[in-house]
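Q: Hi! Could you walk me through this model while I look at it?

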Amino acid sequence: MSAYYNQTLKNNSLKTYQDYEDSLIELLEPVYQVMAEQKTPGRFHLSNTGSVYDRDRRDIEGFLRTLWGLGPLFSHKEKIADYQNYYDAACEGILAGTDADNPFYWGELHDYDQLFVEMGALATFLILTKDSFWKHLSTTQQQKIYTWTNQINTHTIPNTNWLFFRLLVNTFYDHANLPVPEEQFKADLAAIESYYLADGWYFDGYENQIDYYIPFGMQYYAILLSKLSKNQNIPELESYKKRGAIFAKTFKDWFAKDGSSLPFGRSLTYRFAQSAYFSASIFAGITWENFSLENGKYLLLNNMRQWFQQPIFSLEGFLTIGYGYPNLVMAEGYNAPGSPYWAMKNYILLALDEDHSFWNAKEIQPEFPRKIANPYSRMLLVHNETGEEVQAFTAGQHSHEHAHGESKYEKFVYSTTFGVSVAKGGILPKQGAFDNTLAVSEKNTHFETVFGYEDYAIHEDYVTALWRPYPNTTIRTFLVPCYPWHIRIHLIENDRPLNFIAGSFSAPADGQLLKDAGDEVLYQSSVGTIGIRSFSEQMTCHLSFPEPNTNLLYNKTALTQGEFSLDTGKHKLIYACVGDAKDQEGIDPDLHAELINHDLHIFHKGQEEIIHLMEL
């Protein structure tokens with residue numbers, strides 16, 4: 001079965017409506033087959049891995065997330081006839097799940113219940129299929145759906161993107177002439193307004209956490225609501241459209257030429273939902289500013305195509321927990337077996353007609369800036385000269401509650417080519433997989449990395465941040481990109497002896513050492529060259545091999561890093577790290593850096609560049 005599902009998707013060109021439709025069915029066929037075999041309408045059991053919510057909710061979640069794809073498909077009555085078995089299974093599941101007398105009832109919910117999240121998919125399905133499904137239900141069936149979904153209006157939910165799920169449910173009520181709690185509706189809209197930053201960027205309830213929940217959460221739901229709302233006189237809807245129109249011109253910088261996007265932040269197991277914002281915008285008829293329909297089509301489809309080439313499926317054909325491969329090490333507590341089907345949000349495009357201009361539009365690669373600062377996502381983004389790689393230099397991001405927050409938000413650099421690693425253990429350095437970070441320890445075990453900055457700044461040429469691993473120990477770090485290298489400076493004040501690991505990039509462990517000297521190590525892998533070069537006598541460079549399944553893209557990696565120890569006092573460390581998506585031919589043998597007063601002098605590619613570091 002796996003060969004069929006994987007190979008068919010790999011070979012799908014995603015050129016036409018039919019291709020897009022076929023890919024949805026190929027993704028859902030395995031799980032709907034399981035639901036039929038298990039005879040459990042409205043839920044299916046894919047695996048025994050756990051989550052912060054119980055098994056019933058895990059199984060229900062997977063089913064409801066498929067509605068993100070089936071709702072748009074079945075907005076066309078002729079598609080219901082083409083896929084009657086899927087339509088019947090979806091409708092049977094909804095009716096069983098909302099019937100308190102049915103053994104497969106979805107249950108009475110509590111505050112912060114996970115199933116409030118899934119009501120977003122259900123409400124969208126009900127709106128899009130209203131004429132075919134809702135209108136043909138009995139009054140009793142309609143009342144049962146209302147009673148179950150209305151629990152979202154009587155319980156507490158987080159003041160985050162979850163507010164949109166309540167807005168979508170109440171938007172459906174408006175379509176169905178059901179009671180809408182007007183004051184709560186207005187309060188939810190007002191709360192979302194308070195999360196808006198600028199240039200289309202929001203934060204998702206937490207000011208220091210700017211991740212994919214902005215494009216596939218805040219922007220996606222806002223755009224969807226602006227399209228689906230029966231009442232188009234709501235002032236916020238016009239704002240949502242305007243913000244959706246300007247967001248693409250900066251969000252595009254998270255993507256590389258092949259459609260791959262930065263591995264950054266939480267919920268990466270949703271994979272090609274990375275490009276869902278483009279789907280929602282096209283569905284809603286958003287006209288982007290300084291970004292064309294052809295550009296959006298290019299990034300959306302290439303993102304999905306490159307994901308379909310990856311080993312992200314189980315042997316049964318299920319989407320798996322993980323990122324570049326099945327991987328529970330990197331998961332958050334809310335990643336259940338059905339969670340990856342959140343990526344079905346990309347299929348909102350199936351609500352378009354088959355003759356919509358989108359399907360015949362050309363795909364045109366957008367222009368990527370070589371280097372650009374984004375203050376809202378707190379990144380300095382760098383594309384290589386061919387656009388084949390993106391590196392994001394970050395500071396000031398912070399996730400206070402989710403697993404691996406220090407790795408997914410607070411490493412120095414994130415790369416579409418070399419990925420990022422998360423810790424597998426907290427004792428030995430190889431368990432920590434300290435790529436693109438600085439790890440600190442009073443011993444040679446139990447290393448600490450950044451978890452919360454006291455200060456940070458994103459400049460046009462560099463990023464700087466201040467953090468405190470221990471009381472009376474401060475580290476001011478400067479990150480200065482000069483692709484494929486970047487320079488790091490650490491100004492350290494410590495009141496106790498400390499040991500450090502300065503991690504450069506990691507890469508698949510399938511290559512060879514190009515250079516192995518005390519002050520420099522270079523390693524060539526199948527995806528590019530990584531390395532580190534020290535300009536400080538204290539540091540010794542070498543190659544290490546972290547625990548397997550720590551990198552999000554590669555299951556076994558090599559890591560280039562430097563190590564040094566410092567007595568108490570004030571110290572200055574300067575070194576360079578390289579992550580070249582091409583090969584060793586792009587490595588400049590004459591790279592050097594020197595700090596003179598407030599100016600960093602970089603001798604690179606036969607030229608001298610001077611960067612003024614204001615925080616020095």
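A: Happy to. One term first: buried means under 20% relative accessible area, exposed over 50%, and partly exposed in between, with a 1.4 Å probe and protein chains only. The model is predicted, so local features need pLDDT of at least 70 and side-chain atom pairs pLDDT 80 or more, whereas totals for chains, interfaces and linings use all residues. Residues are numbered from 1 along each chain as its sequence is written, and side-chain values use heavy atoms, without hydrogens and water.

Q: Thanks! How many aromatic pairs are there in the whole structure?

A: The search turns up 52 of them. Rings of Phe, Tyr and Trp (its six-membered ring) pair if their centres lie within 6.5 Å; planes under 30 degrees apart are stacked, over 60 edge-to-face, the rest tilted.

Q: Nice. What angle is there between the planes of F216 and Y270?

A: Their planes are 55 degrees apart, which is a tilted pair, with 5.9 Å from centre to centre. F216 sits in helix α10 (residues 214-228), and Y270 is in the loop between α11 (235-251) and α12 (276-284), so this pair links distant parts of the chain, 54 residues apart. Helices here are DSSP runs of H or I with at least four residues, strands are E runs of at least two, and both are numbered from the N terminus.

Q: Are F216 and Y270 buried or exposed?

A: Both F216 and Y270 are buried. F264 and Y409 make another pair, this one edge-to-face, at 5.4 Å centre to centre and 70 degrees between the planes.

Q: Which parts does that pair tie together?

A: F264 is in the loop between α11 and α12, while Y409 belongs to helix α15 (residues 405-409), so the pair joins parts 145 residues apart in sequence. F264 and Y409 are both buried too.

Q: Switching topic: which ring face does R243 lie over?

A: R243 lies over the face of Y196, 3.9 Å from the ring centre. K345 does this with W68, at 6.0 Å from the ring centre. The test is NZ of Lys or CZ of Arg within 6 Å of the ring centre and within 35 degrees of the ring normal.

Q: And which residues have the most contacts inside the largest nonpolar core?

A: Y32 and M344, in a core of 148 residues. Helix α6 (residues 115-128) gives the largest share of this core, 11 residues. Such a core is a set of buried Ala, Val, Leu, Ile, Met, Phe, Trp, Tyr and Cys residues joined through side-chain atoms within 4.5 Å.

Q: What is M344 in contact with?

A: Apart from neighbours within four places in sequence, the contacts of M344 are L24, L27, L28, R65, T66, W68, G69, F272 and L319. Contact means heavy atoms within 4.5 Å. There is also a second, separate core of 39 residues, with Y453, Y483, I530 and Y575 among them.

Q: Back to α12: how many of its residues are buried?

A: Nine of nine, so to speak a mostly covered helix. The buried residues include Y277, F278, I282 and F283. Among the elements covering them are α2 (17-38), α6, α10, α11, α13 (293-308) and α14 (357-360). After α12 comes G285, with a positive phi near 75 degrees.

Q: Last one: which helix is E21 found in, and what does E21 touch?

A: E21 is in helix α2. E21 touches L73, K79, Y83 and L350, leaving out residues up to four places away in sequence. The relative accessible area of E21 is 2%, so E21 is buried.
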